[in-house]
Amino acid sequence: MRADGTLTALVRSGLMAPKVVAYADMYQRVEDKRRRLKRTPHKLIIVQVAEEFRVSTATVYRAINLMRRPLHTPANAQR
């Protein structure tokens, strides 16, 4: 979606917050590192990604939780 400009269009139109795109990037980076570095502890990967994005480890964990959350649940519905 990033390559064809869909994400950019969603952010510009206000349908998606820029923070969600950043969280998706962090999540993807964690998953890529986890696949490549199978013997590296998960916490070390989190720290590396946090340093790479210049955020706290809590932000990386928040991004992971957000990306793993199911889309259509009552808890995610806006009130």
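Predicted model: local features only at pLDDT ≥ 70, side-chain atom pairs only at ≥ 80, totals over all residues.
Colleague: Before we look around, what counts as a helix or a strand here?

Modeller: Helices (H or I, at least four residues) and strands (E, at least two) are runs assigned by DSSP, numbered from the N terminus. In this protein there are four helices and zero strands. Read from the N terminus on, the order of elements is α-α-α-α.

Colleague: What does pLDDT tell me, and which elements have the lowest and highest mean?

Modeller: pLDDT is the predictor's confidence in each residue, from 0 to 100. The protein averages 86, and 84% of the residues score at least 70. Among its elements, helix 1 (residues 6-13) has the lowest mean pLDDT, 81, and helix 3 (residues 42-53) has the highest, 96.

Colleague: How do I read burial, and what percentage of the residues count as buried?

Modeller: Buried means under 20% relative accessible area, exposed means over 50%, and partly exposed lies in between (1.4 Å probe, protein chains only). Of the 79 residues in the protein, 19% count as buried.

Colleague: Which residues does I45 touch?

Modeller: Contact means heavy atoms within 4.5 Å. Leaving aside residues up to four places away in sequence, I45 touches V30, K33, R34, L37 and T40.

Colleague: Is E31 buried or exposed?

Modeller: E31 belongs to helix 2 (residues 18-36). With a relative accessible area of 7%, E31 is buried. For its side chain we need another idea: a polar contact is a pair of N or O atoms within 3.5 Å; within protein, one must be able to donate a hydrogen and the other to accept it, and residues adjacent in sequence count only if both atoms are side-chain atoms. The side chains of E31 and R68 are joined by such a contact, at 3.2 Å. As for I64, it is 33 residues from E31 along the chain, and their C-alpha atoms are separated by 9.3 Å.

Colleague: At roughly what angle do helix 2 and helix 4 cross?

Modeller: Axes are lines fitted to C-alpha atoms, for helices over the stretch in contact, and angles run from 0 to 180 degrees between N-to-C directions. Angles under 35 degrees count as roughly parallel, over 145 as roughly antiparallel, 65 to 115 as roughly perpendicular and the rest as oblique. The axes of helix 2 and helix 4 (residues 57-68) come within 8 Å and cross at roughly 95 degrees. These two helices are therefore roughly perpendicular to each other. Residues making the contact include Y23, M26 and E31 of helix 2, with T59, I64 and R68 among those of helix 4.

Colleague: How do the residues of that contact divide by class?

Modeller: Ala, Val, Leu, Ile, Met, Phe, Trp, Tyr, Cys and Pro count as nonpolar, Asp, Glu, Lys and Arg as charged, and the others, Gly among them, as polar. The contact of helix 2 with helix 4 has 11 nonpolar, one polar and three charged residues.

Colleague: Which residues does T59 touch?

Modeller: T59 sits in helix 4 and is buried, at 14% relative accessible area. Not counting residues up to four places away in sequence, T59 touches Y23 and M26. Its side chain also makes a polar contact of 3.1 Å with the side chain of S56.

Colleague: How do helix 3 and helix 4 cross?

Modeller: Their axes come within 8 Å and cross at roughly 105 degrees. That makes helix 3 roughly perpendicular to helix 4.

Colleague: What about the phi of R54?

Modeller: Most residues other than glycine have a negative phi. R54, in the loop between helix 3 and helix 4, has a positive phi of about 60 degrees although it is not a glycine. R54 is exposed, with a relative accessible area of 78%.

How values were computed:
Residues numbered from 1 in each chain as written. Heavy atoms only, no water.
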